[in-house]
Amino acid sequence: MKAATVVQIKKELQHRNPDEILQLCLRLARFKKENKELLTYLLFEADSEEGYIETVKTEVDEQFELINTNSFFYIKKSVRKILRTIKKYARYSGNKETEVALLLYFCVKLRDFNPSIKRNTTLMNLYQRQVDYIQKKIGLLHEDLQYDYGLLLDEIKI
């Protein structure tokens with residue numbers, strides 16, 4: 001089965017009544033965790049972006065606490081998982097400021113992580129890629145935000 005385009009789906013949804021749309025959304029939420037997370041964001045957390053950022057930061061803190069520090073192999077796996085989670089949550093928001101704030105927080109946590117990431121080339125490269133990515137994203141923001149986030153970025157560079 002080939003999936004319909006977004007335009008086709010939009011046209012079809014315009015012809016449906018609100019009860020049918022409600023049932024479709026609930027059915028969609030049942031099938032994938034990401035669908036449910038996105039609906040949760042849109043319904044409950046989209047109004048307060050600051051609260052959403054704080055919620056994600058709390059989850060990131062918890063994930064950093066759970067990292068197995070016995071070897072750099074486990075550390076790398078866990079750090080990549082945390083980064084995937086942050087990117088997913090930033091995608092839900094669709095807000096560039098949110099993405100920059102979350103990635104800056106990730107970089108701060110990674111920089112301050114113990115054992116130091118400076119002893120592992122892969123983790124240092126991952127960290128540097130994120131710093132470069134943040135720098136590109138900051139360039140797309142409003143001038144005042146560019147300055148504020150630019151100062152924060154300068155603080156976290158190793």
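Leaving out neighbours within four places in sequence, Phe72 makes contact with Pro115, Ser116, Arg119, Asn120 and Leu123, where contact means heavy atoms within 4.5 Å. This is a predicted model, in which local features need pLDDT of at least 70 and side-chain atom pairs count only at pLDDT 80 or more, while totals for chains, interfaces and linings use all residues. Residues are numbered from 1 along each chain as its sequence is written, and side-chain values use heavy atoms, with hydrogens and water left out.

Phe72 is found in helix H5; helices here are DSSP runs (H or I, at least four residues), numbered from the N terminus. With a relative accessible area of 18%, Phe72 is buried, a word that means under 20% relative accessible area with a 1.4 Å probe and protein chains only.

## Ser93 and Tyr41

Helix H5 also holds Ser93. Ser93 counts as buried because its relative accessibility is 14%. Setting aside residues up to four places away in sequence, Ser93 touches Tyr41, Glu49, Tyr52 and Thr98.

How far apart are the C-alpha atoms of Phe72 and Tyr41? They are separated by 34 Å, and the two residues lie 31 residues apart along the chain.

## A positive patch on the surface

Turning to charge, Lys77, Arg80, Lys81, Arg84 and Arg129 gather in a patch of positive charge on the surface. Such patches are made of residues with over 30% relative accessible area and no salt bridge, with like charges joined within 9 Å; a salt bridge is a side-chain nitrogen of Lys or Arg within 4 Å of a carboxyl oxygen of Asp or Glu.

Helix H5 (residues 72-93) gives the most to this patch, with four residues. Arg129 lies in helix H7 (residues 121-138).

Note on methods
Patch = residues over 30% accessible without salt bridge, like charges linked within 9 Å, V, L, I, M, F, W, Y side chains within 5 Å. Areas by Shrake-Rupley, 256 points an atom, 1.4 Å probe, with all protein chains shown as cover. Lys, Arg positive; Asp, Glu negative; His and termini not counted. Charge placed at Lys NZ, Arg CZ, Asp CG, Glu CD. Helix = DSSP H or I, 4+ residues; strand = E, 2+ residues; numbered from the N terminus. Buried < 20%, exposed > 50% of the residue type's maximum accessible area, 1.4 Å probe, protein only.
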